[in-house]
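Grab a pencil and work through these exercises with the structure open beside you. Try each task before you read its solution.

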Amino acid sequence: MNFELDDQQRDFAASIDAALGAADVPAAVRAWSEGDTAHGRKVWATLADLGVTALMVAEEYDGIDATPVDLVVAAERLGRWCVPGPVVESVAVAPVLLRGDERSAALAAGELVVTVALPPHVPRALDADSAGLVLLAQDGSVSEATAATQHESVDPARKLFEVTASGAVREADVDRAFEFGVLATAAQLVGAAQAMLDQSVDYAKQRHQFGRAIGSYQAIKHKLADVHIAVELARPLVYGAALSLGDGSPDTARDVSAAKVAASDAAMLAARSALQTHGAIGFTHEHDLSLWLLRVQALRSAWGSPTWHRTRVLEAF
């Protein structure tokens with residue numbers, strides 16, 4: 001049995017990399033933090049052209065109806081490039097909550113950006129001020145919602161809003177939507193970890209100390225190797241969780257939580273190592289690394305805290 005990604009999935013990942021690599025995403029993130037979403041909307045339009053926004057939407061609404069593995073392929077790249085906005089909510093969660101809803105067609109086309117509050121683990125909706133649709137999902141049902149009080153996140157590009165139900169209530173598979181949110185967040189964390197590792201390796205080749213590139217010192221090599229190992233251990237857990245979710249396995253909750261924990265740990269290790277490798281310059285607003293450092297801090301506790309996910313894994317045995 002072959003567990004590798006197929007050529008089509010690899011090409012999909014490469015096309016996302018090529019498009020986002022040319023889109024100056026760091027500038028979009030900084031503008032998004034200041035309330036200017038124009039550049040970020042262009043990034044979203046690019047993703048829509050590639051089919052990212054249509055991945056999990058049913059074919060009857062012009063979606064792709066792809067597998068959770070395909071979602072992970074895309075979500076990891078979104079984390080790799082630090083794409084701003086409610087990507088998890090719109091790409092992974094909303095298609096589940098809106099299944100059978102005609103608005104799914106606009107979601108697939110990238111014309112509708114959706115954000116979601118899903119208490120208790122997602123009590124506030126991300127970027128509700130810039131989303132075209134705000135949803136509140138709980139107790140097996142979903143309704144439209146209205147944004148209220150705004151709260152700042154550790155990541156200034158992630159604005160969080162309290163929401164109140166304001167529309168008709170309809171049944172929805174909220175539990176499955178939650179698992180999709182956790183899975184996509186874990187994939188983003190893996191992508192962010194890989195991005196910071198790549199940046200650290202490149203910087204270690206350029207920065208010199210005592211007449212030598214710091215990448216030639218064994219301590220730096222070992223530190224970056226530890227990050228590489230952590231990322232390579234987390235990635236298969238994320239893909240394994242995608243397979244569990246796609247197959248409807250009874251172990252899905254355990255597998256998704258294990259993936260989130262491993263991805264969070266790998267991303268935090270990558271963040272610490274990147275900051276130590278770059279020095280204080282890495283945490284300045286002017287250096288792009290700071291965007292990933294803050295994003296990882298925010299995603300680590302998003303869609304369930306590490307403590308809660310560890311508890312869910314332990315309770316599964």
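**Exercise 1. Find what joins β4 to β5, then work out how the strands pair.**

Step 1: look at the link. β4 connects to β5 through a hairpin of six residues. This is a predicted model, where local features need pLDDT of at least 70, side-chain atom pairs count only at pLDDT 80 or more, and totals for chains, interfaces and linings use all residues. Residues are numbered from 1 along each chain as its sequence is written, and side-chain values use heavy atoms, leaving out hydrogens and water.

Step 2: check the direction. β4 (residues 141-152) and β5 run antiparallel, joined by nine bridges. Strands are DSSP runs of E with at least two residues, helices are runs of H or I with at least four, and both are numbered from the N terminus. Two strands pair if DSSP finds at least two bridges between them.

Step 3: pick out one bridge. Valine 142 has arginine 170 of β5 as its partner.

Step 4: look for another neighbour. β2 (residues 125-126) also pairs with β5 (residues 159-171), antiparallel and over two bridges. Here alanine 125 is partnered by phenylalanine 161 in β5.

**Exercise 2. Decide how covered helix α2 is, and name what covers it.**

Step 1: count. Of the nine residues in α2 (residues 25-33), eight are buried (under 20% relative accessible area; exposed is over 50%, partly exposed in between, with a 1.4 Å probe and protein chains only).

Step 2: name some. Among the buried ones are Val25, Arg30 and Trp32.

Step 3: find the cover. It includes α1 (7-21), α3 (38-50), α4 (68-81), β5 and α10.

Step 4: step past the end. Just after α2, glycine 35 has a positive phi of about 95°.

Key: Contact = heavy atoms within 4.5 Å.
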